[in-house]
Amino acid sequence: MLARERFLRAINLQEPDRVPVFANLTPQVAEKLGKKMGLPYEAEDSFLSTRISHTEILLELGNDAVGIGPGRAISSPTVELPDGKLKDEFGMVYQRFGYYDEAVVRPLAGVTTTDELDQYQLPDPLAPGRFDLAEKMVSKYKGQYAIVGDLEATVFELSWNLVGLEKFLMDLTMGEDYITELLKRVAAYNTAIGVRLIELGADVLWLGDDFGTQQGMMISPDLYRHVFKPLQRNVIAAFKGVNPQVKIAYHSCGSIVPIIDDLIEIGVEILNPVQPQAKGMDLGVFKQKYGDRIAFMGGVDVQGVLPNGTPEEVASEVKKRIAAAGRGGGYVLAPAHNIQPDTSIENIYAMYDAVREYGTYPLSL
Amino acid sequence: MSLLEEMSEWVISGNANKVKALVEQALAEGVAPASIVNEGLIPGMTVIGAKFKVNEVYVPEVLIAARAMHAGMAVVKPLLSVSDTKEKGIAVIGTVKGDLHDIGKNLVGMMLEGAGYTVIDIGIDVPPEKFLQAVQEHKPQIVGLSALLTTTMTNMKATIELLKPYRDQVKIMIGGAPITPKFADEIGADGYAADAASAVDCANNLLAS
Ligand code: B12
């Protein structure tokens, strides 16, 4: 069975020949693997770079889908400043801390009113060059692999990234006008991008906004329902309007138990990443409760066994997750986040090997 | 409702302007600065912490409550006598090297402050040497380390090792998403807490022991 069919059958709640896989890598892990495999490991220049980079390595390992997403406009590539920091087209400035590049300047950090917000211009979502890479990837992989269009910072996350998380959360709770306006503009920006990704041939659009923490929701379910749910509903409706066949995946780290019904109601069809150590995020329970309506993508623990376990422990983790969610299809195995630099190559191979061993249908678990 | 009770309520609902106005009113009416802190501002934060722990309120509500408390504190703090402020103890907190997640650490700081501790927040991406410096400089009773990543948890161990010569003077507590009580034991921390309200209990217990 071709990888694409395997992936699509699974997310359509049917049994494929085996459980499909979709993992992503941090740059350090990609470099290690790329050198070993003799494959390119450079990251692409994009806001969500790790989701659309390292494709050849990932397919060689055994991924069944290819991630595509918006790149930078030709006119506004990310530039290196004299002090070594990186500045992107949003006006975000990033600095390297240990393994990671993280924002140190946010363009809306001082904004308090809609008038001030008006001084700021989001990039042009359809600027020339934005989709060059996506087009190339689609023409190379379409048909053979499922194409996943990545839009994981759909409304909340891109908005707070421009403002800063604490200020954003406080202004949101105080009902500041500019927040409503910013959320609308960001939703429109990402809608335009998602529509283009669908036109290019994405089988799945992977939306997301992290509303979970280890212990529970970051904001109240009520606030989610009032502010974010209507916006997300519109975004999803726009995508379904362009192509009713496109499947909607949704990413949120952490524990989001109270809003899963809401997500299903607004059209989410694949829940990701079901972070296993976050409170209540139990794949087996979810399969029982929601498995006739949605598929799951994720489940493999990146806070414990994947970085810290032995290859044998990784294999039994994979077996456990497949046993919990694999029956009847509806499950794509994936780590709960991009694979971190503390994870050994052996454990990564062990994960892919174990899917082949335990994930073949009919399951014998 | 008494003035101080009302002040607590406005802390709980996060109204900084009201809290500031009530603190000024209380001072004008001759209420002792220490009472304003201990019976007005602190009880508000205690309630918020307890509600946060059971998911009755969430991160934003804690942030605005802390902002309201600060607005009141800024008015009374200069008026507190030395004996008023020395009560609870000093806590140095920071997120360990390589790690930029700061919301959890900030909430812990706010709750400690809301419980009467003097909090010295030394920020994010803090190398072990900087924790050592802060201990030498501020002579805290409590050091709190935060880490949200498996790739940075190891820097907690390195920090604890560097603080070895001071272990009879400071208690070290740790927390963050991937941290477990077992890990805290393994690296020789004195305490662990899963959330910001429990972090206050943890600090109180460590000081009592
Ligand atoms: C928001 C978030 C971010 C934001 C952080 C913004 C900010 N200003 O802090 C951003 C987007 C920047 C981010 C970046 C990254 N993140 Co992040 N992030 C999260 C997320 C969704 C929520 C964390 C949070 O803010 N929680 C809210 C607070 C209130 O909770 P808390 O931090 O747990 O704190 C509470 C308790 O833990 C405790 N506590 C905390 N500190 C302390 C200290 C003491 C002394 C005590 C007693 C108690 C205590 O009390 C707090 C209050 O109740 C988590 C998901 C999760 N499960 O936690 C992922 C998560 C932590 N991130 C993760 C990852 C991988 C990353 C990145 C590495 C991604 C990448 N580039 O590859 C980067 C790393 C950046 C860096 N250098 O640090 C992974 C970590 C996996 C792992 N292997 O450990 C997680 C778990 C997500 C996942 N799906 O796996 N992230």
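First, the conventions. Residues are numbered from 1 along each chain as its sequence is written, and chains are lettered from A and ligands numbered from 1 in the order in which they are written. Because the model is predicted, local features need pLDDT of at least 70 and side-chain atom pairs count only at pLDDT 80 or more, while totals for chains, interfaces and linings use all residues; side-chain values use heavy atoms, with hydrogens and water left out.

Start with chain A. Its secondary structure comes to 15 helices and eleven strands, where helices (H or I, at least four residues) and strands (E, at least two) are DSSP runs numbered from the N terminus. The radius of gyration of chain A is 20 Å, close to the 21 Å that the globule rule gives for 365 residues, so chain A is as compact as a globular protein of that length. That radius is taken over C-alpha atoms, and the rule is 2.2 Å times the number of residues to the power 0.38. Along the principal axes, the C-alpha atoms of chain A fill a box of roughly 60 × 45 × 40 Å.

Of the 365 residues in chain A, 60% are buried. Buried means under 20% relative accessible area, exposed means over 50%, and partly exposed is in between (1.4 Å probe, protein chains only). Contact means heavy atoms within 4.5 Å; among contacts in chain A between residues at least 6 apart in sequence, 73% join residues at least 24 apart. The accessible surface of chain A is about 14000 Å², and carbon and sulfur atoms hold 50% of it. Accessible areas come from the Shrake-Rupley method with a 1.4 Å probe, and for residues only the protein chains shown count as cover.

Now some details in chain A. Helix 1 covers residues 3–11, and its buried residues include A:Ala3, A:Phe7 and A:Ile11. An α-helix has 3.6 residues a turn, so residues three or four places apart point the same way. After helix 1 comes A:Leu13, with a positive phi near 60°.

Most residues other than glycine have a negative phi, and most peptide bonds are trans. Another runs from A:Tyr361 to A:Pro362, with omega near -5°. A:Pro273 sits in the loop between strand 9 (270–272) and helix 12 (283–290), whereas A:Pro362 is in the segment after helix 15 (345–358).

The loop between strand 9 and helix 12 also holds A:Val274. A:Val274 is not a glycine, yet its phi is positive, about 50°. Is A:Val274 buried or exposed? At 2% relative accessibility, A:Val274 counts as buried.

A:Pro40 is in the loop between helix 2 (27–37) and helix 3 (49–52) of chain A. A:Pro40 is partly exposed, at 43% relative accessibility. Leaving aside neighbours within four places in sequence, A:Pro40 is in contact with A:Glu56 and A:Ile57. The C-alpha atoms of A:Pro40 and A:Pro258 are separated by 42 Å, and the two residues are 218 apart along the chain.

On to chain B. Chain B has ten helices and five strands. Its radius of gyration is 17 Å, close to the 17 Å that the globule rule gives for 209 residues, so chain B is as compact as a globular protein of that length. The C-alpha trace of chain B spans about 50 × 35 × 30 Å along its principal axes. Buried residues make up 53% of its 209 residues. Chain B exposes about 8900 Å², with 54% of that supplied by carbon and sulfur atoms.

B:His101 lies in the loop between strand 1 (90–95) and helix 6 (103–114) of chain B.

Last, B:Asn55. Its phi is near 60°, a positive value in a residue other than glycine. B:Asn55 lies in the loop between helix 3 (33–53) and helix 4 (59–76) of chain B, and is partly exposed, with a relative accessible area of 33%.
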